[in-house]
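Subject: Handover of the two-chain model

Dear colleague,

I am passing on the structure we spoke about, together with my notes on it. Please read the notes alongside the coordinates.

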Amino acid sequence: MTDFKLPSIDYAALSPILIMLSTALLGVLVEAFVPRRLRHVVQLTLALLAVLAALTMVVLNADERMITAGQALAIDGPTLFLQGAILVLAAMALLLIGDRSVELGGAFVAQAAVTAESADDRRQAEGRNGLTEVYPLTTFAIGGMLIFVAANDLLTMFIALEVFSLPLYLLCALARRRRLLSQEAAMKYFLLGAYASAFFLFGVALIYGFTAGIPGRVAGVDFATINAAVSDSPASEVLLFAGMALLAIGLLFKAAAAPFHVWTPDVYQGAPTPVTGFMAACTKVAAFGALLRVFHVAFAGANWDFTPVLGVVAVLTMLVGAVLAVTQTDIKRLLAYSSIANAGYLLVGVLAPSRDGLAGTMFYLVAYGFSVLAAFAVVTLVRDADGEATHLSRWAGLGRRSPFFAALFTFILLAFAGIPLTSGFMSKFAVFGPALEGGQTWLVIAGVLTSMVLAFPYLRVVVMMWLSEPGESTPTVTVPGGLTSAALMIGVLATLVLGVAPAPLLDLATGAAEFVR
Amino acid sequence: MSNFPFLSVLTVAPLVGALVVAFLPRHRPELAKQVAFVWSLLVLALSVAMWVSFNAGGKRFQFRESYSWIPDWGVSFTFATDGIALVMLMLIAVLVPLVILASWHDAESSKRSVPVYFALLLVLECTMIGVFAAADVFLFYVFFEVMLVPMYFLIGSYGGHQRQYAAVKFFLYSLVGGLFMLAAVIGLWVVGGKTFDWQALSEVDISTGTERWLFLGFFLAFAIKAPFFPFHTWLPDAGGAAPAGAAALLVGVLDKVGTFGILRYCLPLFPEASKWFAPWALALGVIGIVYAALLAVGQNDLKRLVSYTSIAHFGFIGVGIFAFTTQAGTGAVLYMLNHGLATGLLFLVVGMLISRRGSALISDFGGAGKLVPVLAGVLFFAGLASLALPGTAPFISEFLVLIGTFTVNKPVAIIATLGIILAAAYVLWMVQRTTQGTLNPTLTEVDGMRRDLNLREKVVVAPLIALIVLLGFFPKPVTDVINPAVQATMDDIGRTDPAPSVGTVQEAAK
């Protein structure tokens with residue numbers, strides 16, 4: 001305890017994280033000192049510039065492979081790939097969050113503290129500018145996610161989890177319309193998220209106990225130590241299994257895997273749609289990035305123990321997502337269950353113990369993120385006087401009213417259904433192929449069977465849009481301004497390009513698919 | 001000329017045409033129709049050039065092209081055609097212009113965009129050509145699935161009564177089959193050492209258990225697509241609801257993908273499993289022949305009736321394929337072509353009749369021949385071709401299937417022969433109730449029924465009638481192309497034809 005060695009820190013490798021977090025702090029200052037009418041522009045520009053700068057640093061760091069900041073952070077292929085993915089998808093989400101052309105004043109409430117459904121609340125729904133705190137909150141969340149996928153010990157991972165979760169709980173509560181639903185969603189998300197975090201933390205403690213007593217090592221929760229402990233710790237394996245299970249609960253909660261998925265439909269429905277898109281794309285990347293690292297690096301030696309359990313979770317997730325999606329009548333809830341089912345497919349990729357499996361999972365995350373953001377971008381556009389018209393019956397005949405946007409949405413739905421020439425098909429192949437190769441035949445069969453079920457709800461929406469006659473209540477699609485259009489077009493184009501020419505991104509993913517240990 | 005990249009150009013050309021047509025102004029429907037028609041004629045001309053430069057006695061796969069696509073997975077754009085695929089490509093190229101011509105006014109009756117209808121037809125042509133021209137299993141799967149999308153919208157947006165239900169049922173059935181195939185495709189990729197090249201995969205040894213599962217995955221997809229009994233229930237709905245032109249393509253070409261897939265993928269890639277499952281497949285074929293024919297007799301809706309006759313015919317094709325003799329195999333392939341011509345014609349004519357009467361119900365007709373004699377005559381001819389009257393092309397194929405089957409499996413051949421009798425029943429009874437007999441007085445009050453075939457419609461039916469008669473008397477140009485490919489397929493599964501039991505020629509030679 002006498003000599004304390006300063007850990008070496010490679011600031012260049014950490015720069016994306018530092019950029020995002022310092023921009024978030026700067027954003028707080030902007031809230032304090034910049035005049036109200038300028039804040040929106042300043043904040044949005046600041047956030048976008050920070051994302052671009054961080055992305056540039058990720059690209060510049062592309063060849064770095066190191067563990068830095070003590071044992072806390074691993075900057076390696078998967079980290080950089082997933083950080084890049086989070087930043088690109090976050091940029092799209094920021095475009096959606098920043099849009100004020102679709103709804104007067106933006107999708108966010110002007111004053112969060114006003115009691116829901118009160119007269120004051122109704123007044124502020126009429127078009128006062130939304131609060132600009134959303135930008136620092138989002139930037140904090142992005143920063144947390146960047147740490148989450150890089151974390152190389154469980155405590156750093158826990159802190160990162162909290163850093164990106166807390167802003168998300170708040171963001172969920174800020175919807176301009178349907179305030180009660182939004183606040184309920186935030187409350188639910190917060191309570192369940194807090195439980196999940198507690199589980200995670202308890203798991204960390206048990207694992208710490210498990211690592212005690214390995215000859216020649218100090219107890220710790222960094223992944224190298226855990227990995228060594230898995231093979232030769234003298235401690236009881238009960239500690240290991242219980243710890244792994246508790247950690248998995250925390251991570252699977254964020255990934256929205258069954259049976260830890262119950263928050264997903266409510267939160268996706270209640271949260272402001274741009275935030276929903278942000279969660280569906282970026283949170284998924286972050287959660288699966290962490291899952292991959294924890295199970296492929298820390299617990300790689302316990303492969304035989306966790307694979308059957310996670311396999312059951314994967315099958316359950318696919319089943320719950322697919323079957324319950326069939327009964328949904330609200331487009332946002334439908335997309336939520338679809339996101340749950342997709343978490344199941346991603347878990348199939350996590351359980352493919354090979355470089356191809358890892359690459360396939362990372363490819364899937366990127367492809368799905370683009371599609372789902374584009375899907376939610378369309379959801380923000382279909383609206384009437386009361387805000388978004390999310391009930392499916394309202395979408396009847398939309399293809400007649402607004403063929404262009406209906407066609408885009410149809411394309412995205414076909415991608416979700418896994419029709420070839422869309423990224424959805426390529427990503428399914430990217431995870432199912434390595435899984436089958438790794439001997440997980442039953443997971444692939446479950447995946448294929450649930451895909452059949454899941455095709456039905458997507459098709460129902462297509463039928464609604466194109467084959468039904470427009471009703472009295474069919475809203476028109478609001479023609480979006482530049483920001484939402486850009487996000488939508490990027491999402492759709494990426495879905496198409498990754499479906500037709502997936503080779504470049506696959507190469508990139510395969511090249512990156514190796515953890516440093 | 002044989003170095004010309006026929007297959008890729010043929011695949012891409014209709015897609016380019018579709019884009020052109022789709023972006024024509026919506027208020028100029030005539031222009032869209034003309035462009036689509038001329039475009040499909042260009043595709044036909046190119047196909048004819050390909051037919052001419054195909055060397056029937058040459059290599060099994062010709063016009064091979066290969067371009068890298070996803071090297072990580074061993075996927076490439078590989079096109080190649082054997083005689084079987086070539087015949088189907090020709091069928092597509094011939095049918096599409098005729099369907100476009102026949103559908104000239106179909107899209108107008110719906111409230112939807114006319115150019116989009118013709119663009120969808122061209123997209124469909126692109127995917128149909130692609131599915132037959134692909135020599136890479138992944139590429140085949142891509143076309144197999146994408147094919148659903150234009151057809152779905154053709155049925156769903158431009159179809160008749162119950163179109164939504166029919167379109168969704170069609171899509172879901174096909175998608176379910178396709179996903180089973182996807183699992184098998186991935187499995188094949190894994191056991192085949194991460195390649196999708198047909199040639200390489202056909203040389204891979206697969207363990208018996210795995211081979212059977214993979215066969216089942218592919219077979220299920222193809223059996224739903226074809227469709228074979230008991231996976232057929234979507235076809236009468238889809239065929240009944242689709243606009244006549246789309247229905248002609250659906251039954252004439254799209255469904256052949258199923259039987260073609262069995263010949264190209266199931267048999268050569270999984271020869272042992274094919275033999276193991278053959279009795280079951282034969283049983284499905286025979287049941288289909290009799291069952292669908294019986295249902296056809298009972299139909300009161302013209303398009304549904306034609307759909308059921310098709311299911312019966314697919315039973316014949318299935319029997320022909322799984323009899324594993326060259327004669328039956330050739331017969332099955334020839335049947336695929338002839339059925340496309342005859343049923344295509346039947347669908348188009350029935351469509352003309354329905355658009356005049358404004359009803360598809362047989363009971364709404366009666367004695368129509370007195371009002372529209374030429375149309376009634378063409379319907380009669382199409383019916384006769386469909387029941388395989390000697391002198392029409394289907395007769396030859398049906399006969400080949402039956403004698404080819406008889407040499408190896410007498411009971412199946414005998415039961416299948418029942419199908420011929422039933423075919424006579426459903427066709428003749430249908431013709432009698434619609435065009436013969438006393439005139440249904442309400443018919444005279446319908447304006448449309450006073451117009452006989454106009455020039456456009458005559459141009460539609462004439463080439464089909466000519467081809468059916470020509471191939472009925474002189475099928476040699478086609479059989480020359482088919483035979484080597486069928487022979488090669490039979491070699492793949494290691495079956496040789498049984499020697500004739502009363503072999504006088506052989507004994508004389510001794």
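How many helices and strands does chain B have? Chain B has 23 helices and two strands, where helices (H or I, at least four residues) and strands (E, at least two) are DSSP runs, numbered from the N terminus. Before going further, please note that this is a predicted model, in which local features need pLDDT of at least 70 and side-chain atom pairs count only at pLDDT 80 or more, while totals for chains, interfaces and linings use all residues. Residues are numbered from 1 along each chain as its sequence is written, and chains are lettered from A and ligands numbered from 1 in the order in which they are written.

**The two chains**

The C-alpha trace of chain B spans about 65 × 55 × 40 Å along its principal axes. Of the 510 residues in chain B, 62% count as buried, a residue being buried if 20 or more other C-beta atoms lie within 10 Å of its own, exposed if 12 or fewer, and partly exposed in between, with C-beta atoms placed from the backbone. Among the contacts of chain B between residues at least 6 apart in sequence, 81% join residues at least 24 apart; two residues are in contact if their C-beta atoms, placed from the backbone, lie within 7 Å.

Chain A has 20 helices and four strands. For its 517 residues the globule rule gives a radius of gyration near 24 Å, and the 22 Å of chain A agrees with this. The C-alpha atoms of chain A fill a box of roughly 75 × 55 × 40 Å, taken along the principal axes, and buried residues make up 61% of the 517 residues. In chain A, residues 24 or more positions apart account for 80% of the contacts with a separation of 6 or more.

**Where the chains meet**

In the interface, 25 residues of chain A are in contact with 26 residues of chain B. On the chain A side, the elements that give two or more residues are helix H17 (423-437), helix H18 (441-467) and helix H20 (503-512) of chain A, and the largest share, eleven residues, comes from H18(A). By class, this side of chain A has 20 nonpolar, three polar and two charged residues; Ala, Val, Leu, Ile, Met, Phe, Trp, Tyr, Cys and Pro count as nonpolar, Asp, Glu, Lys and Arg as charged, and the others, Gly among them, as polar.

**Helices of chain B**

The axes of helix H16 (residues 326-357) of chain B and helix H17 (residues 373-386) of chain B come within 9 Å and cross at roughly 150 degrees, where axes are lines fitted to C-alpha atoms, for helices over the stretch in contact, and angles run from 0 to 180 degrees between N-to-C directions. H16(B) and H17(B) are therefore roughly antiparallel to each other, a term used for angles over 145 degrees. The contact of H16(B) with H17(B) has eleven nonpolar, three polar and no charged residues.

H17(B) also packs with helix H19 (residues 410-434) of chain B, their axes coming within 9 Å and crossing at roughly 170 degrees, and H17(B) and H19(B) are therefore roughly antiparallel as well. This contact is made by B:Leu379, B:Phe380, B:Gly383 and B:Ser386 of H17(B) and B:Val427, B:Met430 and B:Val431 of H19(B).

Helix H7 (residues 148-158) of chain B has eleven of its eleven residues buried, so H7(B) is largely enclosed by the rest of the structure.

**Two individual residues**

B:Gly177, in helix H8 (residues 163-191) of chain B, is buried, with 26 other C-beta atoms within 10 Å. Leaving out residues up to four places away in sequence, B:Gly177 touches B:Leu220, B:Ala221, B:Ile224 and B:Lys225.

A:Ala112 lies in the loop between helix H3 (77-98) and helix H4 (119-125) of chain A and is buried, with 20 other C-beta atoms within 10 Å. Apart from neighbours within four places in sequence, A:Ala112 is in contact with A:Leu131, A:Ala173 and A:Leu174.

With best regards

Notes. The radius of gyration is taken over C-alpha atoms; the globule rule is 2.2 Å times the number of residues to the power 0.38. Angles under 35 degrees count as roughly parallel, over 145 as roughly antiparallel, 65 to 115 as roughly perpendicular and the rest as oblique.
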